Amino acid sequence: FFLCPVGKVILQTTRCLREPAVMATETDPLIAENGESKEVKDYVPNAKPIRRVHFDGSSHISVIFQIYGSVWPKVLPYCLFNVLLSYAIHIVKLEYGIDLSIEGNNASFMSILVSFLVVTRAKIAYARFMEARGNLQTMYRVVREIIQHVCILTQHSKSEGAKAWRRDVAYQTIALLRVTMETLEYKSSKKSSWNFFTRGKKRMRKQMLKSVNYSGTSVRNRMMNWAHTDLSLTDENENFRAPILLAYALRAELLSQRSGERIKTRRVDTKTPVHPNEEKYLLAYVDAFVTSYHNLKKLASTPFPFPLVQMARTFIFIYSYALPFALADSMIQPVGAMLVIFFITYGFLGLEFVAMELDDPFGDDPNDFDNLGMARVAIEDIYYNI
């Protein structure tokens, strides 16, 4: 290892990231004050273990009947209500002679429109879901590449200053990744990522506050002093600014070796600690991280088009609950009609609930990304490289 203490600190840092059913009772050294550790529940109020969805794709039975992560619990009440409505229509016709059925041809034309709206919504939601996952993967890859290149490009220098520089770059990289994860989960956790600068071990907190030029005046007040209007920033917009500031701090840390005070060994060709082209590659990785972050910010701040959601949901409910009236005249046996209505309701409303699950993949829902778990693996990789 280039510097053994930094490996210990970085490994401790990974414990702040939640791990399903395991990390809920471990201490979090990063948020400790004066060397005293606190429980994770102090860091994440009302935190609960997150169990992600796992299934055996080769087993049809287990896939069909698995409840955890399924939309069955949400869709089943609608399906049962529609079945009861169908049975009530049949009883009214049978016992009282009141025919509430409608012509089935109208329902068949509406089914085409509903199918188009539902499939379109689910397709767009899935495309957004996979785009977000691709940007997350880029961020995890970039933080690993930054540390690998920093270690390789400065392996000619074993001085204490070079080790300290590599350590500080690792600190900045870990902080950038961690704060970014907190920012993306703001909608579900309601935890401000700015709190990262006011907690943590004294040594690391001092390092971070120094890097971002943090002062006693809140960032919000300082920014509003420079604003062109009197409008206050929303908590979400202010929260999205934290990773951008940390990206600036990481860029500054990468170029801090230019002074020659930390890395004494110079290259023979350029007489500098790091070749300018190598600096360019390191900064390009930070650019890639920021680009992916802005893509995720775009997805998080741009909701699914409301008119399409409204139209799809309106037609789904109208079609689903008009279906019992349309099938009442064509089916003599009520059991067959109720089965058909049950599964058609499940199909259309189930796809709508799937699209709702995919709309916001950041949080603690079973089908959300395990972004904190994947970030923890990336931070451990940084430790191994250091």
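Where does S292 lie? S292 has its place in helix α11, in a predicted model where local features need pLDDT of at least 70, side-chain atom pairs count only at pLDDT 80 or more, and totals for chains, interfaces and linings use all residues. Residues are numbered from 1 along each chain as its sequence is written, and side-chain values use heavy atoms, with hydrogens and water left out. The protein has 14 helices and two strands; helices (H or I, at least four residues) and strands (E, at least two) are DSSP runs, numbered from the N terminus.

**The overall picture**

- Of the 386 residues in the protein, 43% are buried; buried means under 20% relative accessible area, exposed over 50%, and partly exposed in between (1.4 Å probe, protein chains only).
- Among contacts with a separation of 6 or more, 76% come from residues 24 or more positions apart; a contact means heavy atoms within 4.5 Å.
- The count of disulfides is zero, where a disulfide is a pair of cysteine sulfur atoms within 2.5 Å.
- C79 counts as buried because its relative accessibility is 0%, and C151 counts as buried at 6%.

**Helix α4**

- Helix α4 covers residues 72-96, and its 25 residues should span 36 Å at 1.5 Å a residue; the end C-alpha atoms are 35 Å apart, which agrees. The expected span is 1.5 Å times one less than the number of residues.
- The buried residues in α4 are W72, V75, C79, N82, V83, S86 and I89.
- What covers these buried residues includes α3 (60-65), α12 (306-327) and α13 (334-359).
- P77 also lies in helix α4, and it counts as partly exposed because its relative accessibility is 47%.
- The C-alpha atoms of P77 and Y346 are separated by 9.9 Å, although these residues are 269 apart along the chain.
- Just after α4, G97 takes a positive phi of about 75 degrees.

**Aromatic rings**

- The whole structure holds twelve aromatic pairs. Rings of Phe, Tyr and Trp (its six-membered ring) pair if their centres lie within 6.5 Å; planes under 30 degrees apart count as stacked, over 60 as edge-to-face and the rest as tilted.
- One of these pairs is W72 with Y346, which is stacked because the ring centres are 4.1 Å apart and the planes are at 10 degrees.
- This pair links distant parts of the chain, with W72 in helix α4 and Y346 in helix α13, 274 residues apart.
- Y346 counts as partly exposed at 25% relative accessibility.
- F240 and Y293 form a tilted pair, at 6.4 Å centre to centre and 55 degrees between the planes.
- Here too the pair links distant parts of the chain: F240 is in helix α10 (residues 235-255) and Y293 in helix α11 (residues 276-301), 53 residues apart.
- F240 is buried with a relative accessible area of 4%, and Y293 is buried with 1%.
- Y78, F81, F317, Y321 and F353 make up one aromatic cluster.
- The charged end of R121 sits over the ring of F304, 4.7 Å from its centre; for this, NZ of Lys or CZ of Arg must be within 6 Å of the ring centre and within 35 degrees of the ring normal.

**Nonpolar cores**

- In soluble globular proteins, nonpolar side chains tend to be buried together.
- A nonpolar core is a set of buried Ala, Val, Leu, Ile, Met, Phe, Trp, Tyr and Cys residues joined through side-chain atoms within 4.5 Å.
- The largest nonpolar core has 53 residues, of which L136, I146, I147, V169, L177, M181 and L254 touch the most other members.
- The elements giving two or more residues to this core are α5 (104-153), α6 (160-184), α10, α11, α12, α13 and α14 (371-385).
- Helix α5 gives the most to this core, with 14 residues.
- Leaving aside neighbours within four places in sequence, L254 is in contact with V150, W165, V169, L282, L283 and V286.
- A second, separate core of 17 residues includes V83, V118, Y319 and L349.

- S292 is buried, with a relative accessible area of 4%.
- Not counting residues up to four places away in sequence, S292 touches N135, T138 and M139.
- H275 has its place in the loop between α10 and α11, and H275 counts as buried at 18% relative accessibility.
- Leaving aside neighbours within four places in sequence, H275 is in contact with R267, D269 and T270.
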